[in-house]
Amino acid sequence: KRNIFAKETTQVDSEVAKAKAEAEAAMKEAKKAQKELEKEKQKAKAAAAAATPTIVRQWSCEVDGGGMADYDKETNDIINTAFETKSACSFTARNFKYSIDWVNNVQINESTQAKRNIFAKETTQVDSEVAKAKAEAEAAMKEAKKAQKELEKEKQKAKAAAAAA
C-alpha cells in the first residue's frame, strides 16, 4: 500500500511540476508579449510625434443651380500645384480650356470668358506610418491579452493539480 501511495504521490507531484512549468512558460510568453507591446507603443508614440500632418485640398467649382462639383484628381493636382505659389494655371475639362484667377478665386472658361467661383476643402491626412504603428501596437496588444488568458488557464490548471494532490 505504501508503495502504491508513493507512486501516486510521485505521479501527482510530476503532474503538478509539469503544470507549474507550463504556467511559468506561459508567464514568460506573456511577459515577452507585454515587452513587445511596450516597444510597439513607444514606436507608435515616436511616429506620432514625428509625423507632420499633410494638408489635402480638394478643389471644386460652383455649378449652375448653386451646387458644387469637385475637380477630378488630375485637375485637382494641377490646381493644388499652382495654388502653392499662386502661379498661372490652366487645364482642359469637358473639351473646354480653363484658367484660374487667384485674385478673385474663379475659374475662367477661355473661350466664353464665363467665370465660376472655386473653393478648396482642406482636410488633414494622418501620416501612414502613424497608422501602421498604431495597427502594429493593437495587434501586439491582442497577442498580449491572448497570452494573459493562456497564462490564467495554466495557473488554474496548476492550482487544480495542486489541490488534487
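## The largest pocket

A pocket is an open set of grid points where a 1.4 Å probe fits, with protein on both sides within 12 Å along at least five of seven lines. Rolling a probe the size of a water molecule over the atoms shows where empty space is left. In this predicted model, the largest pocket has a volume of about 240 Å³. Its lining is made up of 18 residues, and the closest to the pocket centre are Cys61, Tyr71, Arg94, Tyr98 and Gln107.

Which elements give two or more residues to this lining? They are the strands β1 (54-62), β2 (68-70), β3 (90-93), β5 (106-109) and β6 (115-125). Strand β3 supplies the largest share, three residues. By residue class, the lining of the largest pocket holds eight nonpolar, four polar and six charged residues.

## The chain as a whole

The chain has 165 residues, and 26% of them count as buried. Its accessible surface comes to about 12000 Å², and carbon and sulfur atoms account for 54% of that area.

Three helices and six strands are found in the chain. In sequence order they give the pattern α-β-β-α-β-β-β-β-α. Taking contacts between residues at least 6 apart in sequence, 51% join residues that are at least 24 apart.

## Gln107, beside the pocket centre

Gln107 belongs to strand β5 and is among the residues closest to the centre of the largest pocket. Is Gln107 buried or exposed? Its relative accessibility is 3%, so Gln107 counts as buried.

Beyond its neighbours within four places in sequence, Gln107 is in contact with Cys61, Tyr71, Phe91, Tyr98, Ser99, Ile100, Ala114, Lys115, Arg116 and Ile118. Of these contacts, Cys61, Tyr71 and Tyr98 are also named among the residues closest to the pocket centre. Cys89 lies 18 residues from Gln107 in sequence, and their C-alpha atoms are 9.5 Å apart in space.

## Aromatic residues

How many aromatic pairs does a search of the whole structure find? The search finds six. One of them joins Phe91 and Tyr98, with ring centres 5.6 Å apart and an angle of 25° between the planes. This pair is stacked because its angle falls under 30 degrees, the cut-off for that class.

Both partners are buried: Phe91 has a relative accessible area of 4%, and Tyr98 has a relative accessibility of 7%. The cut-off for buried is under 20%. Phe91 and Tyr98 also belong to one aromatic cluster, together with Tyr71 and Phe96.

Asn80 sits in helix α2, which covers residues 73-85. Its relative accessibility is 15%, so Asn80 counts as buried. Apart from its neighbours within four places in sequence, Asn80 is in contact with Arg57 and Trp59.

Lys28 is placed in helix α1, which covers residues 2-50. Why does Lys28 count as exposed? Its relative accessibility is 63%, and the cut-off for exposed is over 50%. The C-alpha atom of Lys28 is 9.3 Å from that of Ala147, a residue 119 places away along the chain.

Definitions and conventions: Residues are numbered from 1 along each chain as its sequence is written. This is a predicted model: local features need pLDDT of at least 70, side-chain atom pairs count only at pLDDT 80 or more; totals for chains, interfaces and linings use all residues. Side-chain values use heavy atoms; hydrogens and water are left out. Helices (H or I, at least four residues) and strands (E, at least two) are DSSP runs, numbered from the N terminus. Buried means under 20% relative accessible area, exposed over 50%, partly exposed in between (1.4 Å probe, protein chains only). Contact means heavy atoms within 4.5 Å. Accessible areas come from the Shrake-Rupley method with a 1.4 Å probe; for residues, only the protein chains shown count as cover. On a 1 Å grid over the protein atoms alone, a cavity is a set of points where a 1.4 Å probe fits but cannot get out, and a pocket is an open set with protein on both sides within 12 Å along at least five of seven lines; lining residues have an atom within 4 Å of a point. Grid points are joined across faces, edges and corners, and a volume is the space filled by probe spheres set on the points. Ala, Val, Leu, Ile, Met, Phe, Trp, Tyr, Cys and Pro count as nonpolar, Asp, Glu, Lys and Arg as charged, and the others, Gly among them, as polar. Rings of Phe, Tyr and Trp (its six-membered ring) pair if their centres lie within 6.5 Å; planes under 30 degrees apart count as stacked, over 60 as edge-to-face and the rest as tilted.
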